[in-house]
Amino acid sequence: ISGTKPEWPEDVLRAPGANKHVEGASDVSALGTPTNRTRLSNYTQIFKEGYEVSETQQEVDKAGVSDELDYNMLKAMKTIAQDVEYMYMNSTDKVAGDANTARESGGLQAFITTNALANGGTARFITETLLNDGLQAAWSAGGDALDVVCSGANKRRLSAFTAGNAKNVDAKSKTLIATVAVYDSDFGLVKFHASRWMPDTMIYGLDKQYLKCGYLRNFKRKVLPDTNDSKSEIIKGELALIVRAEKAHFVINDLKVV
């Protein structure tokens, strides 16, 4: 992406119908009425994580760590990765920001609105019927939302659906595990993914071909000035979630696990 407010167009196909014409008839452009594209947008969010290591810590022998500064850099990168995933799952608003307010990238909740299955605020357990309702809603809109993201507690409930209905899919890479258990739904083989940062109150169904992490600034390591008897650095970068064809995804809300 090239700016702090990435924008992208979204278009839809007309409804299918009988497409038939008389032999020899004239070709005219007015056979169909073009629709206007919808312009969608998000805002980039700046992520930073700092760390400081004293000169003594850097020089003394360390158990299991060859370089204390490098170790803390890797730890900072993993921490930021958690923060990015948390934003994807939990950020409900797109915030433009100003001199006193940080920009905020909207997460999945800020975009998936068409196929949002709610229950009027009354909590219920996830069921196979609910899951298939979400899959059908996305499928009817042209998507294949076969990657389902959920909390650990909901993952246990979803895994129970595979009893007597599981398929083994051969892995294409020998570096991966030999098989992957998936749920055989009416709309394709569904993979369940547990996220530590996913609320228990909702489940996402995603068509990954329409999702992208847009980087304005790739993450880099910056050395800060030495003002103490220590070395200080930060890792920082800037990105936004890009959600294309929001109708291709679904979210099931108002869930409970106990």
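Guide: Let's begin with Asp70, which is partly exposed at 33% relative accessibility. Here buried means under 20% relative accessible area and exposed over 50%, with partly exposed in between (1.4 Å probe, protein chains only). Please keep in mind that this is a predicted model, in which local features need pLDDT of at least 70 and side-chain atom pairs count only at pLDDT 80 or more, while totals for chains, interfaces and linings use all residues. Residues are numbered from 1 along each chain as its sequence is written, and side-chain values use heavy atoms, with hydrogens and water left out.

Asp70 forms a salt bridge with Arg221, with N and O 2.9 Å apart; the term stands for a side-chain nitrogen of Lys or Arg within 4 Å of a carboxyl oxygen of Asp or Glu. Asp70 belongs to helix α2 (residues 68-90) and Arg221 to strand β10 (residues 211-223), so this pair links distant parts of the chain, 151 residues apart. Helices (H or I, at least four residues) and strands (E, at least two) are DSSP runs, numbered from the N terminus. Arg221 is partly exposed too, at 36% relative accessibility. A network of salt bridges links Asp70 and Arg221 with Glu233.

α2 has 23 residues, and from its first C-alpha to its last it reaches 33 Å, close to the 33 Å expected at 1.5 Å a residue; the expected span is 1.5 Å times one less than the number of residues. At the start of α2, a side-chain oxygen of Asp67 comes within 3.0 Å of the backbone nitrogen of Leu69. That is a polar contact, meaning a pair of N or O atoms within 3.5 Å; within protein, one must be able to donate a hydrogen and the other to accept it, and residues adjacent in sequence count only if both atoms are side-chain atoms.

Which residues of α2 are buried? They are Glu68, Leu69, Asn72, Met73, Ala76, Ile80, Val84, Met87, Tyr88, Met89 and Asn90. As a reminder, an α-helix has 3.6 residues a turn, so residues three or four places apart point the same way. The buried residues of α2 pack against β3 (45-54), α1 (55-59), β5 (147-150), β9 (203-206), β10 and β11, where contact means heavy atoms within 4.5 Å.

Some of these partners belong to a sheet. It is open and has three strands in the order β3-β11-β10, with antiparallel pairing; two strands pair if DSSP finds at least two bridges between them. β3 and β10 are the edge strands, each pairing on one side only. From one strand to the next the twist averages 15°. β3 and β11 are joined over 10 bridges in the antiparallel sense, and among these strands' residues, Ser54 has Ser230 in β11 as its bridge partner. α2 packs on this sheet, touching β3, β10 and β11, and its direction makes about 155° with that of β3. For such angles, axes are lines fitted to C-alpha atoms, for helices over the stretch in contact, and the values run from 0 to 180 degrees between N-to-C directions.

Arg103 meets Glu238 in one of them, the closest N and O atoms being 2.4 Å apart. Arg103 lies in the loop between α2 and β4 (116-117) and Glu238 in strand β11 (residues 230-243), so the pair ties together parts that are 135 residues apart in sequence. Arg103 is partly exposed at 24% relative accessibility, whereas Glu238 is buried at 4%.

Glu238 also forms a salt bridge with Arg217, at 3.0 Å from N to O. This pair again links distant parts of the chain, with Glu238 in β11 and Arg217 in β10, 21 residues apart. Arg217 counts as partly exposed, at 34% relative accessibility. By the rule given for salt bridges, the count comes to six.
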